[in-house]
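Let's take a friendly walk through some packing in a protein model. Have a look at it first.

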Amino acid sequence: MIDYTRRRLLSCGGAVIATVSFSGIALTRYAQANVAPSNGIDASALDPSFVTLAHTLSGKVVPDPLLIQRVYAELQSRYVNLASSVPKINALLQANKSGPLEIHDSALLEIYQQVIKGLYLGVIGTSNAPKCIAFENIVSYQAVAKAFSPPSYCAGQVNFWVNKPL
Amino acid sequence: MSNIPTSADVVVIGAGIAGSLAALKMAKAGANVLMLESGPPLFRDQIVENFRNSPLKGDFMDPYPAKPWAPQPKFQPADNNYLIQKGPAPYRAMYLRGTGGTTWHWAGQAYRLLPNDFRINSLYGVGRDWPISYQELEPYYMEAERHIGVSGDYNEDSPRSGPYPMPAVPFPYGMERMRQRLAGSKFDVSNGPQARNSIPYDGRPACCGNNNCMPICPINAQYNGGIAARAAEDAGVKIVTNAVVYKMEADDRGRIVAVHYLDPNKVSHRVSGKTFVLTANGLESPKLLLNSVSERYPNGLANSSDMVGRNLMDHPGSSVQFFADEPVWFGRGPQRPAAINNYRDGDYRREFASTRIDLASTSPVRALTEKLVAQGYYGNELNDKIEEQSSRYVLLKSLFEMLPDPENRVLPSKTEKDAWGIPRLEVHYRFPEYVNKAYDHCKTDFQEIVKLMGGTGAIYSERGVYDNNQHITGTMVMGKDPKQSVVDAQCRSHDHENLFIGGTGVMPSSASVNSTLSGTALSLMLAEHALKTI
């Protein structure tokens, strides 16, 4: 379902971008500069361990602070045990030297998946009730920004696709 | 309400691309035309916003929320059961009810049929022949291409009386590489003709590679029926939206005299006319005809043949996805710029379905990320894999020809109704062995292509489990024999002299190309004949 109450926050940059071309880099800056904080939450109130988790999961990509804030706000409202779960996930990540992370605790796994999906895909919730919380500034598109723009955003030059990405 | 017309020379039901261009043509010829559309007006900027905010980016229907009075099929996150699936195979048609119709979320592929596609029964002993030839439809293909703005350079063995309106959209880098690597094999990678501006055309910009053709082109470089509807309005066509036509009325001589529609307040309105054109897509149009039951017409209107709703065809499709041995960056530029079209025809069609293979250039980033996240990757390793895999990802999708089978059909439910009290459709659908055999041959072709591209990690779709391509054909089939068909060579109902039916639903064969251009050409043809009746 589309959450129209969120529409203004996601699209106050996007509504202009709908008809104008931007480079991938300019797009990120625009998104950061023009999207208002959600629900009036003070960014400095974010749990530092959650910020650590977000950065660990995002690797070399520095996630948009607003994106982290939104994921945190959504999950805080859904999971009463979020605050106690995040340090446990951080510990598992620290212990995991390489390769995919395995989490055997199903409740912890669920929260972990919500965090990483929120960051990388901009979608949280269940398969039957997903919710979009972000799009153009999600980590997956940041990771491929040299080659791909998020769909519906134009790289700016007609026929750019004829050439390899720079 | 008092300003809403209650009569017109021509009443068009359904304001999609077919109805809108037919209406435009008739209005320009001086007819007084009224178009009734069950759904709402659609606006591009709102649709783009809806898309960006949607949690279901792979669902083309999600940016187009349906109105309660004009429900439409939706299959994510779950089937909304608007179409009642009777099986054995699911028929997941995703069509829109709103001004402009389903071409708001199409891929913009604007193929013509081949001359032989009109004669598969005479040539190959399967399916049905058309009552008209390719040559007779050719001028209307030209007219449709000019209206829409089709870019192309591919000969495609469909003879042309003039050039394409625009030069071809150039190949993306990776598809040019694929063309080079497959050169010399049986696979000829070519530009498909597209309803997409390669240069500014008709006041609309050239494609700039938003890679969002499905579900919405943000800049109108890709044509859609909304553009046609606006042009029709500018030419004087009156469009009444949110008008759900639920019944057509015929007099004792068999002439259609009026249609009845419900508005958003469930109030019924009657609209009379001299001539009626039905272009409400290949499912909603037969639904209306079959629901227009009376004592004189117990099987519905235009249905003395009992063919209305039968012979449902679409394009079932299979696929292969793999990682090429070099970066190809599928997902940059338009979503369907190229295809392997060079063996759509041949004597093999006696045994198995005509096949075409699309090179699908939809951005793979989201789908690959979902998979990798589910596998437990995170951090730098996840980022590196997303980057690496998305650069090498290749998706090929086949389209198979269906044959007309009277038992593949839709008919109104006797028990299930929508929120406005209109019976919903039951869908009976099965895939013939004709398609399954084509799958087998196509899989062999896929395997060869994977090898030629040094592919790894190939995943083949399953036999008998096919994608649907939203090309609804056959349900109000054209033919010479009134006992075996619904409309004649002019798309005029055999039963009602002032009823014309357009769009893809009248096509007697589906071939293996997207059917929109053909349905549009047919509608432009019927507009000429309809004008003679007023």
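Predicted model: local features only at pLDDT ≥ 70, side-chain atom pairs only at ≥ 80, totals over all residues.

Residues are numbered from 1 along each chain, chains are lettered from A in the order in which they are written, and side-chain values use heavy atoms, without hydrogens and water.

**The helix pair**

Two packed helices are described by the angle between their axes and the distance between the axes. Helix 1 (residues 17-28) and helix 6 (residues 225-234) of chain B pack at about 25°, with axes 8 Å apart. They are therefore roughly parallel (angles under 35 degrees count as such). From helix 1 of chain B, B:Ile17, B:Ser20, B:Leu21 and B:Leu24 meet residues of helix 6 of chain B, including B:Gly225 and B:Ala228; contact means heavy atoms within 4.5 Å.

**The sheet**

In chain B, 6 strands form an open, antiparallel sheet in the order 4-10-11-12-9-15; strands pair if DSSP finds at least two bridges between them. Strand 4 (189-191) and strand 15 (456-460) of chain B are at the edges with a single partner strand each, so one side of each has no neighbour in the sheet. Two helices pack on this sheet:

| Helix of chain B | Strands touched | Direction |
|---|---|---|
| Helix 5 (residues 173-182) | strand 4, strand 10, strand 11, strand 12 | about 140° with strand 4 |
| Helix 9 (residues 379-392) | strand 9, strand 12 | about 40° with strand 12 |

Note on methods:
Axes fitted to C-alpha atoms, helices over the stretch in contact; angles between N-to-C directions. Helix = DSSP H or I, 4+ residues; strand = E, 2+ residues; numbered from the N terminus. Parallel < 35°, antiparallel > 145°, perpendicular 65-115°, else oblique.
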